[in-house]
Amino acid sequence: MQSGLLDAFKLAGWRYWHARRSDHALWQGHRGWPDVTALPPRLDGPLLALELKGANGALTEDQATWLALLHRAGVTTAVIRPARYDRALGLILAGDSSTASWEWAFRA
């Protein structure tokens with residue numbers, strides 16, 4: 001799922017960031033930063049922050065806090081699971097980071 005979404009970002013011209021091995025990364029600050037952050041290709045929409053989870057994966061408290069704070073700050077946030085992959089892929093390929101388009105995946 002992750003590699004497919006990252007391929008879609010690249011194909012559609014998004015500017016994105018993902019830490020390949022966040023469990024081995026040197027970092028400072030609070031835990032739980034989203035897995036992928038991206039700006040749409042036309043830079044006409046908000047930053048998109050995605051947390052990628054397996055079908056039954058639970059958000060940690062730190063992940064939920066980051067998503068809520070980023071959402072309040074105007075960032076489009078979403079939790080993507082395998083069942084939602086196709087819908088997320090379509091929005092990425094369309095270059096859509098609008099909060100309204102991703103509302104279905106906020107904290108779910």
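Q63 is buried, because its relative accessibility is 12% and the cut-off for buried is under 20%. The model is a predicted one. Q63 belongs to helix α2, which covers residues 61-72.

The side chain of Q63 forms a polar contact of 3.0 Å with the side chain of K53. Leaving aside residues up to four places away in sequence, Q63 touches K53 together with G32, E51 and A58.

## R31 in the loop between β1 and β2

R31 sits in the loop that runs between β1 (15-18) and β2 (36-39). R31 counts as exposed because its relative accessibility is 55%, and exposed means over 50%.

Beyond residues up to four places away in sequence, R31 touches D62 and W66. R31 and T65 are 34 residues apart along the chain, and their C-alpha atoms are separated by 9.8 Å.

## Helix α1 and its packing against α3

Helix α1 spans residues 2-12 and helix α3 spans residues 85-93. The two helices pack at an angle of about 15 degrees, and their axes are 9 Å apart. The pair α1 and α3 is therefore roughly parallel, since angles under 35 degrees count as such. The crossing of α1 and α3 is right-handed. On the α1 side the contact is made by G4, L5, A8, F9, L11 and A12. On the α3 side the contact is made by Y85, A88, L89, I92 and L93. The residues of this contact between α1 and α3 comprise 10 nonpolar, one polar and no charged.

Which residues of α1 are buried? They are G4, L5, L6, A8, F9 and A12. The buried residues of α1 pack against α3 and also against the strands β1, β2, β3 (48-52) and β4 (76-80). Just after α1 comes G13, which has a positive phi of about 85 degrees.

## H18 in strand β1

H18 is part of strand β1. With a relative accessible area of 16%, H18 is buried.

Two polar contacts involve the side chain of H18. In one, the side chains of H18 and Q2 are joined at 3.1 Å. In the other, a polar atom of the H18 side chain lies 2.9 Å from the backbone oxygen of D35. Apart from residues up to four places away in sequence, H18 touches Q2, L6, D35 and V36. Of these, L6 is among the buried residues of α1.

## L43 and L48

Is L43 buried or exposed? L43 is exposed, because its relative accessible area is 61%. L43 is located in the loop between β2 and β3. Its phi is positive, about 55 degrees, although L43 is not a glycine. Most residues other than glycine have a negative phi.

L48 lies in strand β3 and counts as buried, at 1% relative accessibility. Not counting residues up to four places away in sequence, L48 touches F9, W14, V36, T37, A38, T76, S97 and W102. One of these, F9, is a buried residue of α1. L48 and G32 are 16 residues apart in sequence, and their C-alpha atoms are 16 Å apart in space.

## I80 in strand β4

I80 lies in strand β4. I80 counts as buried because its relative accessibility is 0%.

What does I80 touch, not counting residues up to four places away in sequence? The list is M1, L5, L50, E51, L52, K53, Y85, A88, W102, W104 and A105. Among them, L5 of α1 and Y85 and A88 of α3 also take part in the contact between those two helices. E51 and K53, which are on the list for I80, are also touched by Q63. W102 is touched by I80 and by L48.

Technical notes
Residues numbered from 1 in each chain as written. Predicted model: local features only at pLDDT ≥ 70, side-chain atom pairs only at ≥ 80, totals over all residues. Heavy atoms only, no water. Helix = DSSP H or I, 4+ residues; strand = E, 2+ residues; numbered from the N terminus. Buried < 20%, exposed > 50% of the residue type's maximum accessible area, 1.4 Å probe, protein only. Contact = heavy atoms within 4.5 Å. Polar contact = N/O pair within 3.5 Å; in protein donor to acceptor, adjacent residues only side chain to side chain. Axes fitted to C-alpha atoms, helices over the stretch in contact; angles between N-to-C directions. Parallel < 35°, antiparallel > 145°, perpendicular 65-115°, else oblique. Left-handed = near helix turned anticlockwise from the far one by under 90°. Nonpolar A, V, L, I, M, F, W, Y, C, P; charged D, E, K, R; others polar.
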